[in-house]
Amino acid sequence: MNDLVPARNPLRLDLREVIYVLSGVFDFVGVTDVLHGKRVAHMAMAVGRALGLDQDRLDDLFEAALIHDAGVSTTREHDKLISQYAFLEVDWHCVRGQDLFLRFAPMAHLAPIIAYHHTAWSRLRNSDNGLSRDTRLATNIIHLVDRVDSLLARQPGIDPALMRPCVLEILEHSGQDFAPEVLEAFREVSAREAFWFGLDADALAVELAPHARHGHTRTLSSSELTELATLFASIVDAKSPFTAEHSAGVGHLSAHLAARAELDADVCEQIEIAALLHDIGKLRIPDAILDKPGPLDARERATMNRHAYYTYLILTQITGFDEIAVWAAYHHESPNGGGYPFRESGAGLPLEARIVAVADVFQALAQVRPYRDAMKPDRIMGILGSLARENRLDGDLVALIDEDLDTCWRVAVHPG
């Protein structure tokens with residue numbers, strides 16, 4: 001179909017930048033309560049400096065604080081963490097977060113800090129978990145400031161600077177949850193008004209800017225890029241029981257379809273990455289809309305239609321992801337210009353984005369959704385054919401699927 005697309009050079013990514021962007025993804029889960037990871041990072045860095053941590057330890061603390069809630073994908077769980085903070089299943093998201101980052105070697109060193117960020121100091125100090133003192137201290141710092149932010153979130157109308165006495169009283173009556181030196185360092189830094197003022201949304205970005213980039217820039221292999229994209233996709237697919245493995249299925253089918261279209265191998269790999277990331281904006285969508293067992297009303301549809309735009313906002317923040325961001329975010333655009341959210345059409349709709357769009361529709365129809373059962377290949381093909389005739393999907397790509405329907409079905413439904 002198209003054998004003239006040139007190979008891409010390997011991507012060099014600033015992993016600190018990637019982590020900073022990831023923190024924004026996790027912030028989306030809160031829907032209305034956002035910037036939690038960044039507030040925790042701001043407070044953790046202040047405490048870490050007061051404790052005299054060296055730059056390497058501060059770097060690890062900053063990055064782990066940003067992504068400490070990687071294991072939280074649903075609005076329900078986020079709200080429960082804010083409203084209750086400590087409950088029976090609280091460690092589950094810590095374990096999930098640890099598992100996610102253990103799968104991606106360049107960030108695996110952060111996994112132990114994430115794993116224990118809800119563990120009381122009395123347990124952390126005495127347990128035989130193999131953690132270094134630096135790691136125990138870092139995770140306990142995050143434990144404390146995470147608790148502080150949950151306390152602030154419960155009083156949204158009160159200036160955080162006015163809550164210091166109440167916050168300190170609660171922390172000091174929390175038994176042995178916190179290391180004495182961590183609590184003392186928090187007491188010291190929280191006496192400064194600037195500490196609390198830095199939590200303001202407009203101040204936070206400025207406060208964190210010096211640390212947000214210029215981390216460890218490195219060239220990622222194709223397998224590492226896929227691992228990174230799979231990490232993102234795992235978080236998205238955990239958002240709803242009806243979308244488990246959707247991103248993985250779209251990724252594998254997109255790569256297969258790109259190969260059938262005779263695109264260069266490097267391009268096929270980057271199309272798979274875009275497909276794995278295409279629904280990352282859905283983390284901004286409330287669970288109730290994603291899981292609704294019937295048609296969406298006009299307001300709900302308007303909310304749902306934002307997810308592709310949020311995918312674009314997220315991915316364009318990663319230097320080097322410019323094309324991948326477009327291919328991912330255009331997955332609801334149509335050749336006839338009737339798609340959303342950018343209303344691209346014709347030449348403005350790249351082949352790579354068209355591939356992701358076709359794969360997305362195919363895989364979604366092959367999955368159970370709250371309002372219907374999974375469809376069989378022949379019925380899916382009938383729907384794809386109709387959409388192609390209306391110029392809502394690329395007809396040439398739909399024809400490629402028709403020629404290879406059984407394999408496409410297997411790739412989309414069984415991505416593992």
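Buried means under 20% relative accessible area, exposed means over 50%, and partly exposed lies in between. The model shown in these views is predicted.

**View 1. Phe342 and Tyr309 form a tilted aromatic pair.**
Start with Phe342. Its relative accessible area is 28%, so Phe342 is partly exposed. Tyr309 has a relative accessible area of 38% and is partly exposed as well. Aromatic pairs in this model number 7. In the pair of Tyr309 and Phe342, the ring centres are 6.3 Å apart. Tyr309 belongs to helix α18, while Phe342 sits in the loop between α19 and α20, so the pair ties together parts that are 33 residues apart in sequence.

**View 2. Phe342 also pairs edge-to-face with Tyr312.**
Here the distance is 5.2 Å centre to centre. The angle between the planes is 65°. This pair links distant parts of the chain, with Tyr312 in helix α18 and Phe342 in the loop between α19 and α20, 30 residues apart. Tyr312 has 27% relative accessibility, so Tyr312 counts as partly exposed. Now widen the view to the cluster. Which residues form one aromatic cluster? They are Tyr309, Tyr310, Tyr312, Tyr330 and Phe342.

**View 3. Helix α18 has a buried face.**
Helix α18 runs over residues 307–315. Its buried residues are His307, Ala308, Tyr310, Thr311, Ile314 and Leu315.

**View 4. A cis peptide bond joins Tyr340 to Pro341.**
Omega of this bond is near 5°. Most peptide bonds are trans. Pro341 lies in the loop between α19 (322–329) and α20 (351–365).

**View 5. Glu262 and Asn391 have positive phi values.**
Most residues other than glycine have a negative phi. Glu262 is not a glycine, yet its phi is near 65°. Where does Glu262 lie? It is in the loop between α14 (246–260) and α15 (265–277). Glu262 has 49% relative accessibility and counts as partly exposed. Asn391 is not a glycine either, and its phi is about 60°. Asn391 sits in the loop between α21 (377–389) and α22 (395–403). With a relative accessible area of 36%, Asn391 is partly exposed.

**View 6. The second largest pocket has a volume of about 310 Å³.**
How many residues line the second largest pocket? The lining has 16 residues. Arg39, Leu152, Ala153, Pro156 and Pro160 lie nearest the centre. At least two lining residues come from each of α8 (133–153) and α12 (201–212). Helix α8 gives the most, with 3 residues. By type, the lining divides into 11 nonpolar, 1 polar and 4 charged residues.

**View 7. Lys38 lies over the face of Tyr20.**
Look at the ring of Tyr20. Lys38 is at 4.8 Å from the ring centre.

Terms used:
Residues numbered from 1 in each chain as written. Predicted model: local features only at pLDDT ≥ 70, side-chain atom pairs only at ≥ 80, totals over all residues. Heavy atoms only, no water. Buried < 20%, exposed > 50% of the residue type's maximum accessible area, 1.4 Å probe, protein only. Helix = DSSP H or I, 4+ residues; strand = E, 2+ residues; numbered from the N terminus. Arc of directions from axis to C-beta. 1 Å grid on protein atoms, 1.4 Å probe; cavity = no way out; pocket = protein on both sides within 12 Å on 5 of 7 lines; lining within 4 Å. Points joined across faces, edges and corners; volume = space filled by probe spheres on them. Nonpolar A, V, L, I, M, F, W, Y, C, P; charged D, E, K, R; others polar. Phe/Tyr/Trp six-rings, centres within 6.5 Å; stacked < 30°, edge-to-face > 60°. Lys NZ or Arg CZ within 6 Å of the ring centre and 35° of its normal.
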